[in-house]
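Please open the sequence and the 3D view side by side. We will walk through the fold together, one part at a time.

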Amino acid sequence: MAAITCENVSVDYPLYGAGSRSLKKTLMRMGSGGRISRDAGDRVCVQALRDVSLHIDHGERVGIIGSNGAGKTTLLRVLAGIYEPTRGVVRCEGHISPLFDTTLGMDTEATGYENIVLGGLFLGLSPREIRGRTDEIAEFTELGDYLSVPMRTYSTGMMLRLAFAVSTCIDPEILLMDEWIGVGDAHFLEKAERRMERLVDHSRILVIASHSDALIKRLCNKVVLLDHGEVKAIGLVEEILDQYNAA
């Protein structure tokens, strides 16, 4: 059974060489979202997450909401294992599939087919699993013979088609998303939407950060509200959205 548990998780970003009061004041004016503090070595630190505790069970679809800089992306990256907590513990049961940057790991000098292999390996698929999915990925992209030439010859739209097709060829246990992904023209966007819906339906756990109330209501059955790196509320979708929008 898939599950995620965070116990008193904190993430601090030390800003080396940022000890002057003038820089600290500048950061404060910028509204970094996290809290500005000094550690024992008198370094300026941004506290991106502070004592975050939550539990996500098998079958839950969790939305993470909050203003810009609230810590949403940092929390997702901690859950994905990209960031190590400064303090606290994260326990995940189940394979994690982060869907943050779909072009990550791709090589513009490699062909489309070679990038299918590279992308699959980056997702943790075995060479045999990649071979079994290559034809389906190629067909979905609608790129035809372009898959045999270097990706540097592609338009931006073609690159995104290929990256999207590769990154969504998985059957995730724990799916992490930073906003919804949509690519291409109207025809391809419709296909992409159906593929994303299938991906979400097949996941055991979904955690998505978004500014869209409509998307949160459509996908989620639970919401976590973050503010300045702290959990302010966890509960039912309508209840927490109403609390956030009324603030």
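Strands β4 and β8 run parallel and are joined by four bridges. Helices (H or I, at least four residues) and strands (E, at least two) are DSSP runs numbered from the N terminus, and two strands pair if DSSP finds at least two bridges between them. This is a predicted model, in which local features need pLDDT of at least 70 and side-chain atom pairs count only at pLDDT 80 or more, while totals for chains, interfaces and linings use all residues. Residues are numbered from 1 along each chain as its sequence is written, and side-chain values use heavy atoms, with hydrogens and water left out.

Stay with β4 for a moment. Opposite its Gly-63 stands Ile-208 in β8. β4 also pairs with β9, again over four bridges and in the parallel sense, and here Ile-65 has Leu-225 as its bridge partner.

Six strands form an open sheet with mixed pairing, and their order is β6-β7-β8-β4-β9-β10. β6 (96-99) and β10 (230-235) stand at the edges with a single partner strand each, so one side of each has no neighbour in the sheet. At the β10 end, five bridges join β10 to β9, and these two strands run antiparallel. There, Asp-227 stands opposite Glu-230 in β10.

The sheet is part of a chain with eight helices and ten strands. Of the 247 residues in the chain, 45% are buried. Contact means heavy atoms within 4.5 Å. Among contacts in the chain between residues at least 6 apart in sequence, 71% join residues at least 24 apart.

What about the interior? In soluble globular proteins, nonpolar side chains tend to be buried together. A nonpolar core is a set of buried Ala, Val, Leu, Ile, Met, Phe, Trp, Tyr and Cys residues joined through side-chain atoms within 4.5 Å. The largest one here has 44 residues, and those touching the most other members are Leu-162, Phe-164, Met-177, Trp-180, Ile-208, Ile-216 and Leu-219. Elements giving two or more residues to this core include α5 (156-167), β7 (174-178), β8 (205-209) and α7 (213-219). α5 provides the largest share, six residues. Apart from this core lies another, of 23 residues, among them Ala-2, Val-52, Val-78 and Ala-209.

Not counting residues up to four places away in sequence, Ile-208 touches residues including Val-62, Gly-63, Ile-64, Met-177 and Trp-180.

Next, find Leu-241 in helix α8. With a relative accessibility of 1%, Leu-241 counts as buried. Which residues does Leu-241 contact, leaving aside neighbours within four places in sequence? They are Ile-65, Asp-213, Ile-216 and Lys-217. Leu-241 and Ile-65 are 176 residues apart along the chain, yet their C-alpha atoms are separated by 8.3 Å.

Helix α2 (residues 72-79) is another part to look at: six of its eight residues are buried, so this helix is largely enclosed by the rest of the structure. Those buried residues are Lys-72, Thr-74, Leu-75, Leu-76, Val-78 and Leu-79. After α2 comes Gly-81, with a positive phi near 85°.

On a 1 Å grid over the protein atoms alone, a cavity is a set of points where a 1.4 Å probe fits but cannot get out, and a pocket is an open set with protein on both sides within 12 Å along at least five of seven lines; lining residues have an atom within 4 Å of a point. The largest pocket holds about 380 Å³ of space. Its lining has 19 residues, and Pro-98, Asp-101, Leu-104, Phe-122 and Leu-123 are the closest to its centre. The largest cavity has a volume of about 30 Å³, and among the residues that line it are Ile-65, Ile-216 and Tyr-244. Volume here is the space filled by probe spheres set on the points, with grid points joined across faces, edges and corners.

Conventions:
Buried means under 20% relative accessible area, exposed over 50%, partly exposed in between (1.4 Å probe, protein chains only).
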